[in-house]
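Student: I've got a model open and I'd like to learn how to read it. Can we go through it together?

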Amino acid sequence: MRRNASASLKNAPEGSLVCQMHKGKRCQFLYHKADMPGDRHRRYLSVKEAALIKKLAQKEYDLDLLGKIDGQINALKELETQLDRHELGTAFSELHPKKQLLVTPYRPSDEDYLAMWLHEHPGGQNSYAVENGFMTEQKEEVRSKSEKMIADKLFYSNVTYRYETSLNLGGKIIYPDFTILNMRTRETLYLEHFGKMDDPAYCTQALKRIDLYSEYGILQGQQLFFTMETGDKPVNMKVLDDFIKTKFT
């Protein structure tokens with residue numbers, strides 16, 4: 001339905017259709033142009049303009065339908081955030097231990113999933129040496145003070161992450177600054193800190209990195225997030241706070 005309504009609106013005429021009852025019995029259709037407010041800019045439509053009348057009525061329906069569909073989609077997204085996925089795992093954990101040995105669960109427990117994720121994302125895989133690094137609360141060495149601030153904020157917010165885990169994008173190996181697990185949705189997210197955005201060459205490479213992510217379906221605001229700074233403007237930690245609030249609360 002959404003596809004049909006959207007396609008129909010591409011060919012819809014300007015303006016809207018007004019139905020005015022004549023003596024309470026017969027509807028007379030008037031054409032109202034969107035950029036001309038007021039009754040004086042309406043004109044009656046004749047029987048000869050039946051095609052226009054039909055298109056305007058279809059347009060009103062399509063717009064209303066799209067609004068309702070988008071409302072339903074937003075409601076479903078809100079409902080999804082409230083689902084207790086942990087409860088699904090209890091179907092296995094509540095079995096007698098002897099019975100668990102006989103069953104293959106369709107959804108690993110949170111503990112098992114976390115262990116698998118950590119095994120697949122060991123962290124510290126970038127062979128480029130860290131010089132004069134900073135030690136985080138998670139006992140790993142990062143390349144800048146800002147990255148330490150980000151790492152420690154994630155740590156104290158109980159967000160599971162790994163630093164510089166390798167990621168293969170079409171044969172090109174990159175090392176996202178922070179690879180993050182959203183345990184609630186079991187989604188892997190990526191957080192990049194671009195720390196030299198006043199350097200034109202660095203800025204160009206950062207844009208290429210974002211394009212590479214996008215090329216392989218890792219989209220900004222969905223799976224990809226980033227923070228930035230320049231020599232004059234330090235990293236805005238509120239951006240990180242908003243990320244954590246949006247994805248983990």
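Tutor: Let's start with Phe248, which counts as partly exposed because its relative accessible area is 23%. Buried means under 20% relative accessible area, exposed over 50%, and partly exposed in between (1.4 Å probe, protein chains only). Keep in mind that this is a predicted model: local features need pLDDT of at least 70, side-chain atom pairs count only at pLDDT 80 or more, and totals for chains, interfaces and linings use all residues. Residues are numbered from 1 along each chain as its sequence is written, and side-chain values use heavy atoms, with hydrogens and water left out.

Student: Which residues is Phe248 in contact with, leaving aside its neighbours within four places in sequence?

Tutor: Contact means heavy atoms within 4.5 Å. On that basis Phe248 meets Val159, Ile180, Leu181, Asn182, Leu189 and Phe243. Phe248 itself sits in helix H8; helices (H or I, at least four residues) and strands (E, at least two) are DSSP runs, numbered from the N terminus.

Student: Which residues of H6 are buried, and what covers them?

Tutor: Ser146, Glu147, Ile150, Ala151, Asp152 and Leu154 are the buried ones. Their cover includes strands S5 (141–142), S6 (160–163), S9 (178–182), S10 and S11 (224–228), along with helix H8 (237–248).

Student: How many disulfides are there?

Tutor: A disulfide is a pair of cysteine sulfur atoms within 2.5 Å. The count is 1, joining Cys19 to Cys27 with an S to S distance of 1.9 Å. Cys19 is partly exposed at 44% relative accessibility, and Cys27 is partly exposed at 25%.

Student: What lines the largest pocket?

Tutor: On a 1 Å grid over the protein atoms alone, a pocket is an open set of points where a 1.4 Å probe fits, with protein on both sides within 12 Å along at least five of seven lines; lining residues have an atom within 4 Å of a point. Here 22 residues line the largest pocket, and Asp177, His193, Phe194, Tyr202 and Arg209 lie nearest its centre. H7 gives the most to that lining, with 6 residues.
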